[in-house]
Amino acid sequence: MNAVGTGAPLAERARAAIPGGVNSGQRSVPGITDLVVARAEGARFFDTEGRAYTDYHAAFGPQLLGHNDPDVSAAVAAVIREVDLCGVGVTPGEIELAERLIELVPSFEQVLLTSTGSEATFHALRLSRAVTGRRLVVKFQGCYHGWHDAVSLNVISAEDALNRPDPISAGILPEVLESTVVLPFNDAEAVRRLFADHGDQIAGVIVEPVPHNIGCVLPTDEFLITLREQTTQHGAILIFDEVITGFRHALGGWQEISGITPDLTTLGKAFANGFPLGAIGGRADLMQQFSSRPGGSAFFAGTYNGAPVVVAAALATLTKLTEQPVHEHTFRLGELARAGLREVFAELDLPAVVTGYGSIFVSYFMPGPAPRTYSDLLANRADLFVGYRRKLIERGIFELPLNLKRSHISYAHTESDIEQLIDGTRDAVRAALSE
Ligand code: PMP
């Protein structure tokens, strides 16, 4: 029995009942451990003390339409009255969603739904091993693909990540880690060398086409082209992890923007606007190897896969993304934010790189040029990156105070929110610098 009772402050009760008081290691953020969220709507969330925060965290990215979007919520409420979860057969919504995804995402010939992005990347890697009969998978420094063992190397996401030993978790078998090769992002030559030496052992290559888990590092054309060429030449599977870039940057993801089509693609976050949904899709000859087809050799299951409530949220989200100027609006505000932030740092005479893409922005405190690989980001002043964001939170503006984390603009944000962001950043950075 724990001594903390139901009369104690909520955060204290949380820490007594839940390890660390939060339900994800990624939410264990120093400086905001007492935050208890009560409500969220549009561009804002509210804590139990009644404080409002203009939200640029967006739960690590899902709410592209903003919190509690009325059309998404209405679709969810309507389906709840019809059907919950049966776990047999398929529902009309699942069929419609699969067909719409196949229309939108260039690499999709067939698609399967999961509940999370981690499950999607897990299955993509397992499938790449199943169809090639090979052992090695390749990932890139700074890319995050979820919490499972094969990808738990060189994930840079926490304040202390620079000093954190690899792998990111205890309890992973060394032979699993030894089967994952980690290369620097944007290093086409390293990719060519690896394939020249070990091409016949590589099952798959997984990449965030834009590594947003370290803010925003844009890929060179040469890098993505080399990944496509080398995997094709050596019979390995190319996997684009578009859990962040999918729908947020374009309806067809980064593959639509870059014109490079992977064999498999994983999706999550923005396509159900906050409801738990992931997907894996790609070449039909590969997807047919999943055990959802009788005889498929790669086991695939999940009690909640394709749950009607989540599918309804995704259909409503996709409808809004296709019918309303969501990208136009969020991209325009993204440009405004980046331009305004650049001016602020110039005014303060502070070396900074303000970068991003579309609705994503991030300010690194280091001299330019824009980073090309994770190691470029070692120059970022982590203390200031985290410090000014803590000051921003005190001013009712929420950017996650973790080193290298990106920020997100939603369809619910307005120009005046962006003005508040720019002015708030000026004050917050000044306050952080004077400490
Ligand atoms: N891939 C990428 C690129 C991600 O950013 C994330 C989550 N941050 C994941 C996979 C894992 O998704 P989930 O947290 O839904 O398991």
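This is a predicted model: local features need pLDDT of at least 70, side-chain atom pairs count only at pLDDT 80 or more; totals for chains, interfaces and linings use all residues.

I began with the outward face of H6: turned away from its buried side, it carries the exposed residues Glu-189, Arg-193, Ala-196 and Asp-197. My cut-offs: buried is 20 or more other C-beta atoms within 10 Å of a residue's own, exposed is 12 or fewer, partly exposed is in between, with C-beta atoms placed from the backbone. Helices (H or I, at least four residues) and strands (E, at least two) are DSSP runs numbered from the N terminus.

Residues count from 1 along each chain as its sequence is written.

Next I checked the buried residues of H6 (188-198), and got Val-191, Leu-194 and Phe-195. They span an arc of only 95 degrees around the axis (directions from the helix axis to the C-beta atoms), which puts them on the same side of H6. Their cover includes strands S5 (136-140), S6 (180-183) and S7 (202-207), plus helix H7 (221-234).

Then I moved on to H12 and H13. Their axes come within 8 Å and cross at roughly 120 degrees; axes are lines fitted to C-alpha atoms over the stretch in contact, and angles run from 0 to 180 degrees between N-to-C directions. I looked up who meets whom (contact: C-beta atoms, placed from the backbone, within 7 Å). Leu-384, Gly-387, Tyr-388, Lys-391 and Leu-392 of H12 meet a set in H13 including Gly-424, Thr-425 and Ala-428.

Notes
Two residues are in contact if their C-beta atoms, placed from the backbone, lie within 7 Å.
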